[in-house]
Amino acid sequence: MRKFIVACLLAVLALGAVPALATPVADLTALAEQFPDTTVIFAVVRTDDGYIETLDGVIGRARDLLPSGTIPPVRLSTLLDQAFMEMANADFREGVRPWLGDTAAFGLTSLDMTTAAPPIMLALAVKDRAGAEAFLDSAYARALENDWAEKVDENGLTIYRETGDYASEMLIALSDSILFITGGTIPAAPESPLSGSDTFQSTLAALPQSDYNIVAYMNTPALMDFALAMSARFNRNIPEAFGESMSESLAGFMDAAGPVAVGLTILAGPSLVMDVAQMMGDTTALTEAGFDLTMPATPVDPAFAAFIPADAPLVMQGTEVNTAVTTGLQNLRAFGAFIQEQARQMPDSAFTDEADKMLREFNAGAVMASFFSLSFTGATGLTLDDVLPWMDGDFAAYLRVQSLPEETGEDAAPDFAALVESSDPAGPLALLDALETSLQNYGVSISRETVGSGEALVLQSPMRHMFRPRVAERLAGFADMDILIGASDQLFIAGSRAAVTASLAAGGDMLADSPAYQEALEIALDGAQQLWFLNTRAFVPFIDEQLGRLDASTFRINNMREMRALAGLLSSGSISVVVAEDGAMVARFALTLAQEPLD
């Protein structure tokens with residue numbers, strides 16, 4: 001029986017590994033009516049005809065993109081046949097496929113861990129009960145013959161379960177339309193099914209696609225309550241040390257986390273997509289404690305990518321630095337106030353030394369927020385109120401890799417920049433001028449030069465100190481080790497020389513015109529306030545340059561060739577995030593396979 005259960009789980013996992021053509025969420029989650037509304041984790045996957053063929057096609061595409069032999073020339077259907085033949089004495093194609101329905105679901109039906117068997121259930125849709133029963137009879141034939149298991153009919157169900165002193169608690173129950181595998185409890189239609197839960201339905205409705213191939217649901221509040229209860233159970237001294245208000249406050253803060261839904265599908269490309277919807281719960285405790293839940297609301301502007309070089313393999317783009325900084329500082333103060341209030345209620349015995357007791361006397365978060373603000377003023381001579389108003393557009397950070405001269409003994413160094421869009425043409429240059437004056441007053445050695453359409457302060461070669469002393473000495477005076485802080489009437493930027501120059505000059509191939517970036521935008525969520533972009537193929541020129549330096553007999557050459565092959569597997573990847581006015585968040589993770597292999 002254990003082997004059969006493992007075989008079923010293997011089949012479900014294999015079928016769910018990569019999605020095929022999608023199914024409407026309502027149809028996909030129909031099995032939710034078999035699970036109680038106390039279910040805290042629920043997942044369902046398609047198992048219909050054509051699913052395995054689609055998966056084989058995607059694996060075949062990956063096989064074509066990678067060097068010969070990287071992925072063995074074997075089909076998933078063959079692997080499933082072998083697995084079921086070994087574990088259930090029947091192949092998948094002939095023994096399972098004819099009676100298996102269109103979906104399979106798994107659920108953790110409660111958090112009651114006091115029962116002998118775990119509260120879990122696996123439900124597989126069945127389209128031919130007689131075929132399924134014949135398969136189970138064959139799988140259990142030896143166990144039934146030797147009285148290691150029994151087969152009984154009860155309440156319209158055909159039940160298979162192990163017998164004897166060492167029998168598993170798990171059982172299999174077969175109805176006209178469903179095959180259940182449970183933790184020992186005979187399944188029955190729940191009085192309050194999960195499918196009838198408004199919370200379940202509204203959470204699934206937050207997913208951006210109407211159709212998916214895999215859907216999962218997690219009752220986060222119930223899981224957090226359980227974790228808090230377990231923490232109190234196994235740390236009985238916590239209430240005495242911290243006071244009852246600590247647990248109450250934490251519980252109130254945790255109420256803000258709502259349930260989560262996850263959906264997996266495949267879009268044209270093929271692009272493998274996972275969507276995650278995180279709902280907001282009751283935020284009363286957070287707002288009463290002074291936390292600011294305001295999030296950037298302006299969507300990212302694809303045109304801002306015109307300031308990012310097209311060969312940047314890693315890019316993060318967002319909006320409204322001013323909102324993020326203001327909210328972050330306020331939340332730092334609120335968290336500090338929370339810690340101070342809790343410290344005041346703690347007995348002296350809870351502190352390890354007198355210094356810790358100082359947490360009662362001041363708001364540590366407010367001190368850190370003030371330190372940040374004063375440090376900015378000390379470094380620039382300006383206040384945050386002077387600069388944040390014009391930092392209301394897009395911002396970005398990106399990373400490239402630059403090759404170092406062979407004589408340095410090192411292969412590469414990072415090439416990076418962080419840039420902020422300005423709505424006031426005078427703002428960035430005013431900040432640069434103020435920063436220059438402050439650095440000169442502090443005796444910092446800097447120079448100033450024109451870079452592209454802007455100006456930049458130059459700190460000579462500080463990046464060389466990330467290497468060993470001998471290498472750092474060789475890199476002294478090497479311009480690409482410089483750090484530049486630059487400004488134009490559109491941007492304020494800081495980073496390595498090559499990256500800052502590329503952004504301020506904004507000539508040549510830029511990301512806004514990159515086919516990979518445009519592809520990522522097509523897949524990204526509409527109205528995203530944050531976009532992470534990945535272009536693994538942008539690493540290929542660097543890898544090729546490194547390969548040209550290696551002797552053919554060097555063991556590293558094989559590693560570099562493997563890295564090159566993996567870099568060519570994708571045409572783009574992205575993470576896009578949308579935050580609604582009520583704080584609910586939807587994130588999309590996408591990977592698009594390349595159309596053609598690398599040369």
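**View 1. Salt bridge between Asp275 and Arg588.** In this predicted model, Asp275 forms a salt bridge with Arg588, the closest N and O atoms being 2.7 Å apart; a salt bridge is a side-chain nitrogen of Lys or Arg within 4 Å of a carboxyl oxygen of Asp or Glu. Asp275 lies in strand E12 (residues 271-280) and Arg588 in strand E22 (residues 585-593), so the pair ties together parts that are 313 residues apart in sequence. Helices (H or I, at least four residues) and strands (E, at least two) are DSSP runs, numbered from the N terminus. Both Asp275 and Arg588 are buried, where buried means under 20% relative accessible area, exposed over 50% and partly exposed in between (1.4 Å probe, protein chains only).

**View 2. Salt bridge between Arg468 and Glu410.** The side chains of Arg468 and Glu410 meet with an N to O distance of 2.9 Å. Arg468 sits in the loop between strand E17 (454-459) and helix H17 (469-474), while Glu410 belongs to the loop between strand E14 (394-403) and strand E15 (412-421), 58 residues apart. Arg468 counts as exposed, at 52% relative accessibility.

**View 3. Network of Asp433, Glu436, Arg448 and Glu455.** Salt bridges that share partners join these four residues, Asp433, Glu436, Arg448 and Glu455, into one network. By the salt-bridge rule, the count comes to 16 salt bridges.

**Notes.** Residues are numbered from 1 along each chain as its sequence is written, and side-chain values use heavy atoms, with hydrogens and water left out. Local features need pLDDT of at least 70 and side-chain atom pairs count only at pLDDT 80 or more, whereas totals for chains, interfaces and linings use all residues.
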